[in-house]
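The plan is to pick a few spots, look each one up and jot down what turns up.

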Amino acid sequence: MSIEIRDVARRFGSTAALEGVSLTVARGEFVALLGPSGSGKTTLLRILAGLEGTDSGTVRVDGEDMTGVPARERRIGVVFQQYALFRHMTVFENVAFGLRVRKRRPPEAEIARRVRELLALVQIPELERRYPDQVSGGQRQRVALARALAIEPRLLLLDEPFGALDALVRKDVRRWVRGLHDRLGISTILVTHDQEEAMEMADRVAVMERGRIVQCDTAEVLLRDPATPFVAGFLGEASRLDCQVRGGVAHFDPLPLPPLRVALPDGEAQAFLRPEDIAVLAGTGQGILRAVRNVTDDRARVIVDLEGILLDGTAASGRAPQRNVPCRVALRGGIVFASNGQRARGEPLARIMAG
Amino acid sequence: MACGRPSRVAPVPGLGLTLGLTLAWVGLVVVIPLAALAIKPWELGVAGVAQSLAEPRVLSALAVSFGAALAASIINLPLGLLLAWALVRLDFPGRRVLDSVIDLPFALPTAVAGIALTALFAPNGWLGVPLMAAFGWQIAYTRAGIAVALMFVGLPFIVRTVEPVLRDMGKDAEEAAATLGAIRPQTLGRVVLPTLAPALLTGFGLACARAVGEYGSVIFIAGNLPMATEIAPLLIVIRLEQFDYAGAAAVGLAMLCLSFTILLGLNLLQRLVRRGRR
């Protein structure tokens with residue numbers, strides 16, 4: 001089902017949790033709300049679920065205005081951060097809850113059939129008689145998911161659902177949840193502060209900062225064309241450096257980095273340099289190679305020390321410079337934001353010959 | 001120190017000492033007095049104990065004590081839950097004051113409470129007059145008066161046991177129930193109350209146990225009419241005053257057995273409702 005959020009605002013006392021947020025989620029789409037804590041992503045999710053009111057703006061599900069519709073009538077499934085399972089009920093009863101509280105309660109045999117079907121779907125059919133305290137974190141999450149799916153939700157909301165899992169399990173579960181989404185085709189919104197999780201799972205990522213969605217696009221576009229310095233710094237790895245633009249060229253002095261050609265007005269600016277933008281080359285220079293992080297066939301991720309500032313860069317792995325040996329640092333490009341928010345891609349003045 | 005005989009070093013040091021102290025203390029303070037109470041009545045012989053307990057006045061006193069204690073605790077249960085709910089969930093002016101007032105029955109000398117309640121509910125008291133006029137109820141010097149006094153002393157037990165569990169529960173489970181389509185009464189009946197059930201039972205048991213043994217606050221408001229409003233602890237005192245120590249101990253032993261049975265039953269019930277929970 002399609003979800004349309006328009007100009008939603010919400011204040012708590014004197015602090016604005018959301019300011020004019022608009023977002024559209026297409027039928028069957030998987031969208032992630034990504035932002036640091038306090039950016040308003042959980043508030044937005046709670047508004048969608050009907051657990052929190054809005055001060056202004058509208059939320060429409062399939063064209064139907066949700067203002068004033070209580071949570072219990074929205075048919076929006078939620079997987080809560082700590083799962084919020086009912087501890088006094090078995091796994092079976094947890095999943096059956098949404099069916100049992102229906103106005104027209106299905107017959108017992110039908111409930112049992114539906115619950116078993118859902119437990120099979122989330123691959124824990126053997127746990128139906130256990131209590132939440134008797135199963136592992138990953139299993140609890142599957143119970144929470146099955147419980148949310150039992151009401152045949154029009155929209156599925158996942159609130160930091162992987163936070164309580166250990167790193168090893170998390171990767172598997174992410175892929176599994178995304179696969180489940182593709183099979184069921186339920187529109188899904190994931191709230192997370194983990195950029196890797198957001199980019200890996202979602203079709204589109206809405207980056208939130210201080211109560212606003214600053215950019216919403218595919219992971220590829222967010223990385224290539226970040227709309228604001230915040231997005232550039234929050235997504236992907238980047239070294240942030242101050243620079244000065246003079247006559248269409250960004251200078252990094254006093255750092256011994258080559259300047260970049262940018263179409264920006266003169267003045268102070270900020271450059272975001274991805275590891276791919278920073279080429280570490282063998283030869284005499286002012287950089288010192290401090291660490292080699294990750295070596296693939298043709299290139300190595302390295303950390304280079306440039307007059308006390310550590311930069312994440314790449315080096316050709318075949319002819320990689322030695323550790324703690326001086327090396328040359330060149331730039332292949334970068335994204336530069338002028339102080340007025342204007343943005344431009346930086347281009348090297350001279351082509352880099354090697355690397 | 002440990003290097004010589006590592007296998008003899010307990011993970012928690014001082015286990016022997018602390019265990020010894022604990023057992024000695026429990027023995028001195030709890031076990032020996034209770035054992036004395038259990039032994040004393042048999043001076044009368046088995047038949048004597050049976051006869052002493054079969055007296056109508058004794059049976060009536062036991063019934064009054066346990067009946068009033070159960071009634072007071074049952075009334076206190078929803079009341080205590082409501083108070084705990086207000087303290088945890090609502091933010092109203094004077095919440096902190098109410099929070100401390102709840103503990104007052106713990107601190108107040110029970111005789112003071114008894115006299116105050118009697119003055120209030122007496123036929124010419126502030127509450128006694130309107131209650132009599134409006135409903136024709138007389139509270140003081142009746143079994144209802146006993147229950148009122150026991151409600152007063154038992155309430156904080158229920159509030160204080162439910163409160164932390166309620167606070168710990170948070171709103172998550174209730175919100176989850178709402179998103180799953182539950183209306184408020186369903187959420188309360190299927191989620192909130194079952195979650196609180198173990199704590200409610202514990203509070204009920206504590207309030208009940210305290211009420212059964214309550215003496216100070218009851219004797220003023222009860223009227224102490226044999227066969228009607230005489231409580232078992234008072235009967236014990238009366239027998240003691242008549243130097244009938246064994247007879248007093250017999251009533252005491254009967255109370256002990258009844259209380260133990262009730263607490264045991266509550267414990268078993270609690271096991272049932274706690275099933276599967278840590």
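This is a predicted model: local features need pLDDT of at least 70, side-chain atom pairs count only at pLDDT 80 or more; totals for chains, interfaces and linings use all residues.

**Entry 1: a salt bridge in chain B**

I started with B:Glu174, which forms a salt bridge with B:Arg184; the closest N and O atoms are 2.9 Å apart. B:Glu174 sits in helix H9 of chain B and B:Arg184 in helix H10 of chain B, 10 residues apart. I then checked how open each partner is. B:Glu174 counts as buried, at 7% relative accessibility, whereas B:Arg184 counts as partly exposed, at 40%.

**Entry 2: another pair in chain B**

Next I looked up B:Glu214, which has a salt bridge with B:Arg210, with 2.8 Å between the closest N and O atoms. Buried or exposed, I asked of B:Glu214? It is buried, because its relative accessible area is 4% and the cut-off for buried is under 20%. B:Arg210 comes out as partly exposed, at 25% relative accessibility.

**Entry 3: chain B as a whole**

I stepped back to see what chain B is made of. I found 13 helices and zero strands. The C-alpha trace of chain B spans about 65 × 60 × 30 Å along its principal axes. Of its 278 residues, 41% count as buried. I also looked at contacts in chain B with a separation of 6 or more: residues 24 or more positions apart account for 74% of them.

**Entry 4: helix H12 of chain B**

After H12(B) comes B:Phe243, with a positive phi, near 60°.

**Entry 5: where chain B meets chain A**

I moved on to the interface. Here 20 residues of chain B are in contact with 24 residues of chain A. The two chains bury about 2100 Å² between them, 59% of it on carbon and sulfur atoms. On the chain B side, B:Thr179, B:Leu180 and B:Arg190 lose the most area to chain A, together 33% of what that side buries.

I counted one salt bridge between chain B and chain A. The side chains of B:Glu175 and A:Arg46 meet in a salt bridge, 2.7 Å from N to O. Two elements give two or more residues to the side of chain B that touches chain A: helix H9 (172–179) and helix H10 (184–213) of chain B. H9(B) gives the most, with seven residues. By type, that side of chain B divides into nine nonpolar, five polar and six charged residues.

**Entry 6: a closer look at B:Thr179**

B:Thr179 lies in helix H9 of chain B. What does B:Thr179 touch, leaving out residues up to four places away in sequence? My list reads A:Leu51, A:Ala71, A:Ile76, A:Val78, A:Phe80 and A:Ile151. B:Thr179 is buried, with a relative accessible area of 3%.

**Entry 7: over to chain A**

The UniProt record, an unreviewed entry, carries the annotation "domain: ABC transporter" for residues 3–235 of chain A. I looked at that span: it is 36% helix and 26% strand, and its end C-alpha atoms lie 25 Å apart.

A:Ala144 lies in helix H4 (residues 137–149) of chain A and is buried, at 2% relative accessible area. It touches A:Val79, A:Tyr83 and A:Leu85, not counting residues up to four places away in sequence. A:Ala144 and A:Phe80 are 64 residues apart in sequence, with 7.8 Å from C-alpha to C-alpha.

**Entry 8: more salt bridges**

Last, I looked up salt bridges over all chains and found 46. One of them joins the side chains of A:Arg343 and A:Asp225, 3.6 Å from N to O. This pair links distant parts of the chain, 118 residues apart: A:Arg343 is in strand S21 of chain A, and A:Asp225 is in the loop between helices H7 and H8 of chain A. A:Arg343 is partly exposed, at 37%, and A:Asp225 is partly exposed, at 27%. I also noted a network of salt bridges linking A:Lys171, A:Arg174, A:Arg175, A:Asp194, A:Glu196, A:Glu197 and A:Glu200.

Note on methods:
Residues are numbered from 1 along each chain as its sequence is written. Chains are lettered from A and ligands numbered from 1 in the order in which they are written. Side-chain values use heavy atoms; hydrogens and water are left out. Contact means heavy atoms within 4.5 Å. Buried area is the accessible area (1.4 Å probe) that two parts lose on being put together, summed over both. A salt bridge is a side-chain nitrogen of Lys or Arg within 4 Å of a carboxyl oxygen of Asp or Glu. Helices (H or I, at least four residues) and strands (E, at least two) are DSSP runs, numbered from the N terminus. Ala, Val, Leu, Ile, Met, Phe, Trp, Tyr, Cys and Pro count as nonpolar, Asp, Glu, Lys and Arg as charged, and the others, Gly among them, as polar. UniProt positions are given in the numbering used here, feature names are shortened, and annotations may be inferred rather than shown by experiment. Buried means under 20% relative accessible area, exposed over 50%, partly exposed in between (1.4 Å probe, protein chains only).
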